[in-house]
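Here's a quick tour for anyone opening this structure for the first time. Have the sequence and the 3D view side by side, and let's walk through a few spots.

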Amino acid sequence: MNSVKDIWQKVLDILAQQLTPTAMETWFFDCVPVELDDCRLVLSTTSEFKQEIIQKRFSDRIKAALFDLFATDFEVLVLTEEDILNDPPQRDGPNSLPEMAGYTFDHFIVGNSNRFAHAAAVAVSENPGKTYNPLFIYGNSGLGKTHLLLAIGNAIHQRAPKKSIAYIKGDDFTNQLVRAIKNGTTEDFHNRYRSVELLLVDDIQFIAGKQQTQNEFFHTFNSIYEAGNQIVITSDRPPLEMATLDDRLRTRFEWGLMADIQPPDLETRMAITRNKAAQLGLMLSDDAVFYISDNITDNIRRLEGVIKKLTSVKRAIKDVMKEGIFTPTPSIIIRETARYFQIDESELRGQSRSKNTAMARQISMYLIRTLTDLSLQSIGELYEGRNHATVLSSIRKVENLLRDDRKTATIVRDITSNINSSDKGM
């Protein structure tokens, strides 16, 4: 079965036959698929403005493309990145791990406040059902519990794609049980969750005090555990502090390992700030990083929200105040990049595949994309006619390096500084 990314690419190919390259570039360059189930496609985009435009102007075209592919009707839901961060969508059953870029161990910033929980999560992902079963991760909202939960699922899925995985929130477990009772499908509900090989439960505290839900989850837990399969649970508090939780569930939650996540210290917050800014293509000074991290102390989501707002301000300023502001030309960017890497401009634009030249070429493409309004196709024409896909691949390579490699971030920052201070007349 094709992945949601493969299907989305087919949809984009259909849309590309109907829309102009500019429209495709403007609205769908950073639009990514999140989930595709039996009757709904969920997409993510970077702003509320793009969300509204795609939903209103293009959802019918997307539905038509999906109908062409599957001969059945689909719903299309467009969310912002913040929507997904705060409420990851999930399907109603097993194999329901949300397909969300970024929720991996590689993108989790480890610090003193979460090191133990991170290590436990990695251990479980490497040896599910045998190490720390169940794993119970608890801590306040916005500290990374869901990230670790999904990272476990993503890691296990990468190693064993056929392994059955179910992701469910505590309140959704209750809602689905109520519907099953109402519709007379409780047997299907039992089979759906009790037979999975990996059960990921987010915010389990919401089942406390709901007797029928707790009874159902008790039997679900027993079935999965006795089969030697893995259970991972998150909560905003440890089992002992859930006053209305059944004692038999509390006991089972404590069978494995309990790992708490505390608010991150200043150094960890600064690392998270730099990491998120790099992902969004935003260069922050050390003073800015410190100021943000020093003032937002208790919630990673708030940190990420501030950085996203900064990118929105950057775009707004760029759109509104173009006159009187130096906008570098592609030739200046290429010149300064070549100068930094000590190579000829012709070599940078050409076909040389040496490691140094390839890196310079990729960074120059990234900077042109970031600092100018050129389309991917127009950028490719500057490099002996390279195509749209090659340029996009180069830009994404640099973006990935900026997330994890401080050396690359320093290079990009220095070249950008050279560009901004260069002779504007050249």
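**Thr131 and its surroundings**

Leaving aside its neighbours within four places in sequence, Thr131 is in contact with Ala123, Val124 and Gln230. Keep in mind that this is a predicted model.

- To find Thr131, go to the loop that links α5 (115-126) and β4 (135-138).
- Is Thr131 buried or exposed? Its relative accessibility is 18%, and buried means under 20%, so Thr131 counts as buried.

**The sheet β1-β2-β3**

- Three strands make up an open sheet here, in the order β1-β2-β3, and their pairing is mixed.
- Which strands stand at the edges? They are β1 (32-36) and β3 (75-80): each has a single partner strand, so one side of each is left without a neighbour in the sheet.
- Going from one strand to the next, the twist averages 25 degrees.
- β1 and β2 (residues 40-45) run antiparallel, with 4 bridges joining them.
- You can pick out two of the residue pairs by eye: Val32 has Ser44 as its bridge partner in β2, while Pro33 has Leu43.
- Helix α1 (residues 4-16) packs on this sheet, where it touches β1 and β2. The direction of α1 makes about 120 degrees with that of β1.

**Helix α9**

- Helix α9 covers residues 211-226, which is 16 residues. At 1.5 Å a residue it should span 22 Å, and its end C-alpha atoms are 22 Å apart, so the two agree.
- Which residues of α9 are buried? They are Thr213, Gln214, Glu216, Phe217, Phe218, Thr220, Phe221, Asn222 and Ile224.
- Just after α9 comes Gly228, which takes a positive phi of about 80 degrees.

Conventions:
Residues numbered from 1 in each chain as written. Predicted model: local features only at pLDDT ≥ 70, side-chain atom pairs only at ≥ 80, totals over all residues. Heavy atoms only, no water. Buried < 20%, exposed > 50% of the residue type's maximum accessible area, 1.4 Å probe, protein only. Contact = heavy atoms within 4.5 Å. Expected span 1.5 Å × (residues − 1). Pairing = 2+ DSSP bridges. Axes fitted to C-alpha atoms, helices over the stretch in contact; angles between N-to-C directions.
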